[in-house]
Amino acid sequence: MPTADSPSDSTTDPAAMREQYRSEGFTEDTLAADPMQQFAHWFRQVAVGGLLHEPNAMVVSTATPEGRPSSRTVLLKKYDERGFVFFTNYESRKGRELTANPYVSLLFPWHPMARQVIVTGRADRTGRDETAAYFRTRPHGSQLGAWASPQSTVIGSRDELLARYEELAARYPEGKQVPAPPNWGGFRVVPDTIEFWQGHENRLHDRLRYVREGDRWRVERLCP
């Protein structure tokens, strides 16, 4: 008899789920010279195509100094030749882990296009001027939320969280400038490797990885 741990048919059985990716070839001669240029090209395609909700969503994986990993979805807020930037509470789990162990992985799961981008590198805090400039662009409610929620800490109830928010809303009504919390800010992930993954039929995927070597990048192909 099927149970919660034994799917009853192929529609809910993970082992029976199959997808044949049909995509154009992805070869070394089509790559940009710089991985951030290649990322910008792919990001524009997924962002303007309308195939994906929040194309800037990425999985950020961190680890303790002892190697215990954790992952969560975070929104990319900026990218340029220096790397990838996101913002968070520095006292959250990911903030604490990055402070103790700055090595990080980012994953952009662009499934509708059968693509992934996997980044490994080091996360450094952004300057306070950059943090303040971005914080001013956030919606008023999101600014208050950054103050109301001591991210990753245990809380007794949702009512307690909402009460904190309402107290802040009374202190900082719409139109009044909300300062950036001192324990909130950005991380810039400076990449060491950036892999571009394009799915194909029969699991013969293309995996092209840029590897930093000093101030240059080397490209290598990985087996799928």
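1. Is tyrosine 134 buried or exposed? Tyrosine 134 is buried, as its relative accessible area is 16% and the cut-off for buried is under 20%. Please keep in mind as you read on that this is a predicted model.

2. The ring partner of tyrosine 134 is worth a look. Tyrosine 134 and tryptophan 184 make a stacked aromatic pair, with 6.2 Å from centre to centre and 10 degrees between the planes. Because tyrosine 134 belongs to helix H3 (residues 128–135) and tryptophan 184 to strand S7, this pair ties together parts that are 50 residues apart in sequence. Tryptophan 184 is buried too, with a relative accessible area of 6%.

3. Further along S7 there is another ring pair to turn to. Phenylalanine 196 and tyrosine 210 have ring centres 5.7 Å apart and planes at 75 degrees, so they count as edge-to-face. Here strand S7 supplies phenylalanine 196 and strand S8 supplies tyrosine 210, so the pair links parts 14 residues apart in sequence. Both of these residues are buried. In total, the model has 18 aromatic pairs.

4. The largest nonpolar core holds 28 residues, and Phe39, Phe84, Leu106, Phe108 and Val117 have the most contacts inside it. Two or more residues come from each of helix H1 (35–49), S1, strand S4 (83–89), strand S5 (103–110), strand S6 (115–125), S7 and S8. H1 gives the most, with 5 residues. Another core, of 11 residues, lies apart from it; Tyr134, Phe135, Leu144 and Trp184 are among its members.

5. Phenylalanine 39 deserves a point of its own. Leaving out residues up to four places away in sequence, phenylalanine 39 touches Leu76, Tyr79, Phe84, Phe108, Trp110, Val117 and Phe196. Ring pairs also join Phe39 with Phe43, Tyr79, Phe84, Phe108 and Trp110 in a cluster.

6. Alanine 57, in strand S1 (residues 57–63), is buried, with a relative accessible area of 16%. Beyond its neighbours within four places in sequence, alanine 57 contacts Thr73, Val74, Leu75, Phe108 and Pro109. Alanine 57 and leucine 106 are 49 residues apart in sequence, with their C-alpha atoms 10.0 Å apart.

7. For arginine 125 the ring is that of tyrosine 90, with its centre 3.8 Å away; for arginine 122 it is that of tyrosine 103, at 5.9 Å.

8. Last, a glycine. Glycine 199 sits in the loop between strand S7 (184–198) and strand S8 (206–213), and counts as buried because its relative accessibility is 0%. Glycine 199 and tyrosine 172 are 27 residues apart in sequence but 48 Å apart from C-alpha to C-alpha.

Notes
Residues numbered from 1 in each chain as written. Predicted model: local features only at pLDDT ≥ 70, side-chain atom pairs only at ≥ 80, totals over all residues. Heavy atoms only, no water. Helix = DSSP H or I, 4+ residues; strand = E, 2+ residues; numbered from the N terminus. Buried < 20%, exposed > 50% of the residue type's maximum accessible area, 1.4 Å probe, protein only. Contact = heavy atoms within 4.5 Å. Core = buried A, V, L, I, M, F, W, Y, C linked by side-chain atoms within 4.5 Å. Phe/Tyr/Trp six-rings, centres within 6.5 Å; stacked < 30°, edge-to-face > 60°. Lys NZ or Arg CZ within 6 Å of the ring centre and 35° of its normal.
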